[in-house]
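Colleague: Could you take one part of this model and go through it closely? I would like a connected account that I can follow on screen.

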Amino acid sequence: MTASDPVRAIAPPPRPSVTPVDPAWGLTDAQVRAQIEAGLVNGVSRTTGRTVPQIMRANLFTRFNAILGSLFVIVMVIGPVQDALFGIVLVVNTTIGIIQEWRSKRTLDNLAILHAPTSSVVRSSAKVQLRSDEIVLGDVLEVRRGDQIPVDGRLLTSDGLEVDESLVTGESEAVGKISGERVLSGSFVVAGVGRVQATEVGERSYARGLEENARRFSLIRSELQQGTNQILRLVTWVMVPTGVALFITQLLRSHQPLADALRGSVAGVAAMVPEGLVLLTSMAFAVGAMRLARRRVLVQELAAVEGLARVDVLCIDKTGTLTEPGLRLLDVEVQTDTPRSAVEAVLAQIARTDPAPNSTMQALDGMRPREEPTWHVESRVAFSSSRKWSAVSFARKGTWILGAPQIVLPKTAKLVMARAEAHEAAARRVLVLAHSEFPVTGSILPRELEPVALVILAERLRPDAGPTIRYLLDQGVTVKVLSGDAPRTVGQIAERLALPSPGLARDASRLDTNGLRVAVAETNLLCRVRPEQKSDIVRILHDDGHVVAMVGDGVNDVQALKEADLGIAMGSGSQSTRSVARVVLLDNDFSVVPGIVAEGRRVIANIERVANLFVTKTVYAALLAIAIVLAAVPYPFFPRHLTIVSTLTIGVPGFFLAFGAAAPRAAPGFTRRVLRFTIPAGSVTAGATFAAYMAARSSTGTTLAEARTAALICVFIVALWILVLISRPLNLLRLVLVLAMAGSFLVLFAVPLSRELFDLVLPDGGVLGVVGGIAAVAIAVLALFLGADGQLRERFKAAEGSKIGEG
């Protein structure tokens with residue numbers, strides 16, 4: 001049984017065998033039309049999120065919507081309508097949530113379709129670029145290094161084709177493929193070129209499941225979602241028994257009219273529902289993704305926005321990330337008596353006969369006139385990042401190897417190695433051209449290699465790399481360079497970028513897992529790193545408790561991108577990197593990374609603020625309900641009263657706080673921090689409100705309406721102070737927000753219509769004085785216990801002092 005057999009065991013039954021076709025011709029137009037009419041198309045979903053019906057269901061059919069909807073019906077039956085305002089707010093919130101998520105989905109779907117990867121398909125002898133959902137059963141695809149295979153197929157031709165099936169089978173070693181063998185969708189080409197005939201497409205292909213997993217717009221494996229769900233479960237456990245007890249007490253022991261008892265019960269239960277928490281959480285994520293889309297950053301998983309906030313280590317590949325794409329040929333240093341023109345001819349032929357030229361081959365291709373005849377290739381070993389060399393055997397001209405000096409040069413070539421190291425110390429990329437009369441066999445270098453020349457190449461640093469690195473360092477993010485280049489080259493680049501490292505650049509090519517673990521701890525510059533080592537490094541960082549992001553563009557980065565908490569791919573990178581990454585930089589602009597980090601931190605910090613608001617209300621509503629049950633007195637509020645408090649101290653401020661500005665790096669422990677704030681804040685609020693209510697009720701001549709108004713004033717004052725604590729550090733906009741909420745509350749008492757509508761009856765001055773004193777004591781207690789800890793406030797101040805990344 002092969003490594004892929006367990007995977008295939010879960011697939012649907014195979015179709016009847018596909019008729020082989022000429023790999024040079026492919027399907028004809030008539031055959032393609034017939035396959036389309038038969039529905040044999042690779043209709044792979046490209047959605048970045050839930051469908052519109054799923055969005056509707058997720059926002060409409062929730063447990064809290066069901067509870068509030070039932071309470072709304074009760075109030076509409078007993079009246080008056082102003083006590084049903086919470087139902088109107090619920091409808092508005094749900095509608096906003098649906099519209100916002102739909103807008104976000106539409107934006108991201110359009111962006112994903114616009115930049116969807118294409119495949120080279122042979123039809124009627126012509127090669128055309130098609131999206132994966134345009135491929136039909138029997139099509140012939142030409143695949144080369146960096147391509148991800150979108151269908152299951154049979155290999156028709158192979159020129160050194162090697163395939164990495166780790167995303168399908170878990171096998172990390174690349175597999176050499178020969179004609180007639182099967183290839184699986186989801187695997188990617190690491191070397192060579194070949195033509196594959198599609199034998200399974202659409203639902204029967206693994207591409208569907210793989211691509212949907214790579215692009216899903218969801219909150220899977222999200223600490224924030226897990227924390228929110230945990231809080232909602234706690235709320236449900238508390239709310240159900242408390243609500244039942246409150247209903248019984250209000251109906252049987254409070255000595256009120258039935259309608260008033262029902263209204264009080266509805267108010268108490270509705271107040272315990274954190275109705276806007278999930279809405280504003282989803283909206284904050286969606287808006288964050290849309291903000292990034294405006295920066296030409298495609299978020300392929302909603303969980304990625306949260307991951308952005310938690311990153312403390314960023315692993316980057318030097319080539320294509322710190323440097324601009326492409327290479328420039330500086331010089332060819334001949335090391336033998338071979339004429340330079342002959343060496344240039346060999347290099348040009350190596351590049352010209354490569355069926356899948358990389359940036360090195362593209363730099364060499366123009367060395368000689370295109371009119372020169374092409375040499376006959378007898379055999380070839382394609383370049384791979386694991387081998388770090390390629391080889392070509394030409395008829396009557398021997399075998400030529402082009403690769404890294406440390407790998408290709410024999411130990412006796414000390415002078416050539418010294419010259420290569422001198423160039424590497426000057427931050428140049430160096431390859432050695434070597435010759436052998438013996439043919440190359442598999443992945444083993446031929447015998448009697450003679451170094452002929454050094455090929456000197458140059459890369460240009462991105463102009464924005466320096467400022468970007470500095471910003472990340474200032475934000476507490478450690479930057480580690482994982483490069484395939486020599487230590488001296490990487491060290492020079494790091495020095496030019498002022499990238500700090502506790503130790504010198506280390507050569508990882510000969511390190512085992514333990515040695516690699518030591519190197520990761522000792523240096524931020526790891527060189528000669530093989531593709532499988534990159535994913536090992538990510539795992540080592542995970543073991544040490546780090547949250548890791550990986551930026552890459554090449555096929556050698558795929559496994560590490562998948563392993564990282566957050567994979568970031570360049571838009572010009574290979575199909576495979578873009579497919580597995582959670583975030584794609586469509587314009588290949590490394591300078592947007594600070595903006596990505598800032599956006600993630602902004603989103604998660606604002607959600608934590610909003611959670612503090614909503615859960616505090618739930619805590620004080622539940623504790624107040626328990627106190628009312630024990631005291632067997634009428635509930636101090638009607639639903640309309642709590643609509644005022646919820647709107648002015650939670651709903652409207654929460655909306656603005658959910659989309660606030662800069663924030664510090666998110667730390668683990670979301671649920672613990674929220675409960676650590678909300679339990680004392682809610683307890684103090686409930687205690688103060690109950691004390692004010694009972695004090696007003698005990699005052700001679702105070703009516704129940706006046707006592708309820710006294711309780712309303714007290715809970716509003718304390719809740720407004722909690723809003724101030726959560727909004728710290730206060731800037732001008734937040735101060736205006738708090739003052740506007742306070743002013744709106746005063747307007748309700750100043751306008752006769754609103755007083756009548758909301759049943760606001762001010763008690764006498766003595767009761768108001770007592771209420772003011774109780775509220776003042778509550779504020780002092782909150783300031784003492786929740787205002788003394790300035791750590792979070794200082795973190796926000798530091799974050800808001802940093803300007804890069806905002807926009």
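Colleague: In what order do the six strands of the open sheet run, and which helices lie across β10?

Modeller: A caution before the details: this is a predicted model. The order in the open sheet is β10-β15-β14-β13-β12-β11. Pairing is antiparallel. The edges are taken by β10 (328-334) and β11 (377-381). Each has a single partner strand, so one side of each lacks a neighbour in the sheet. Between neighbouring strands the average turn is 20°, direction ignored.

Helix α13 (residues 340-352) lies across β10, β12 (389-394), β13 (398-403), β14 (429-436) and β15. Its direction is at about 135° to β10. Helix α16 (residues 414-425) lies across β10, β14 and β15. The angle between α16 and β15 is about 5°. By the 35 degree limit, that counts as roughly parallel.

Arg396 sits between β12 and β13. Its phi is positive, about 60°, yet the residue is not a glycine. The side is open: Arg396 has a relative accessible area of 85%, so it counts as exposed. Compare a loop elsewhere, between β1 (118-123) and β2 (126-131), which holds Ser124. Ser124 is also a non-glycine residue with positive phi, near 50°. At 23% relative accessibility, Ser124 is partly exposed.

Next, the nonpolar interior. In soluble globular proteins, nonpolar side chains tend to be buried together. Here the largest nonpolar core has 133 residues. Ile316, Leu322 and Leu585 have the most contacts inside it. Helix α23 (residues 593-631) is the top contributor, with 20 residues. A second core is separate and has 26 residues, among them Leu482, Val529, Val555 and Ala564. Back in the largest core, look around Leu585. Leaving out residues up to four places away in sequence, Leu585 touches Arg296, Val297, Ile568, Ala569, Met570, Gly571, Phe590, Val592, Val593 and Ile596.

Finish with two helix pairs. The crossing is right-handed. On the α25 side, the contact includes Pro680, Val684, Ala688 and Ala692. On the α29 side, it includes Val767, Val770, Ile774, Ala778 and Leu782.

The second pair is α24 (residues 639-657) with α27 (residues 732-750). The packing angle is about 160°, and the axes are 11 Å apart. These helices are therefore roughly antiparallel too. Their crossing is right-handed. From α24, the contact residues are Ile644, Leu648, Val652, Pro653, Phe656 and Leu657. From α27, they are Arg734, Leu737, Met741, Ser744, Phe745 and Leu748.

Notes: Residues are numbered from 1 along each chain as its sequence is written. This is a predicted model: local features need pLDDT of at least 70, side-chain atom pairs count only at pLDDT 80 or more; totals for chains, interfaces and linings use all residues. Side-chain values use heavy atoms; hydrogens and water are left out. Two strands pair if DSSP finds at least two bridges between them. Helices (H or I, at least four residues) and strands (E, at least two) are DSSP runs, numbered from the N terminus. Axes are lines fitted to C-alpha atoms, for helices over the stretch in contact, and angles run from 0 to 180 degrees between N-to-C directions. Contact means heavy atoms within 4.5 Å. Buried means under 20% relative accessible area, exposed over 50%, partly exposed in between (1.4 Å probe, protein chains only). A nonpolar core is a set of buried Ala, Val, Leu, Ile, Met, Phe, Trp, Tyr and Cys residues joined through side-chain atoms within 4.5 Å. A crossing is left-handed if the near helix is turned anticlockwise from the far one by less than a right angle, and right-handed if clockwise. Angles under 35 degrees count as roughly parallel, over 145 as roughly antiparallel, 65 to 115 as roughly perpendicular and the rest as oblique.
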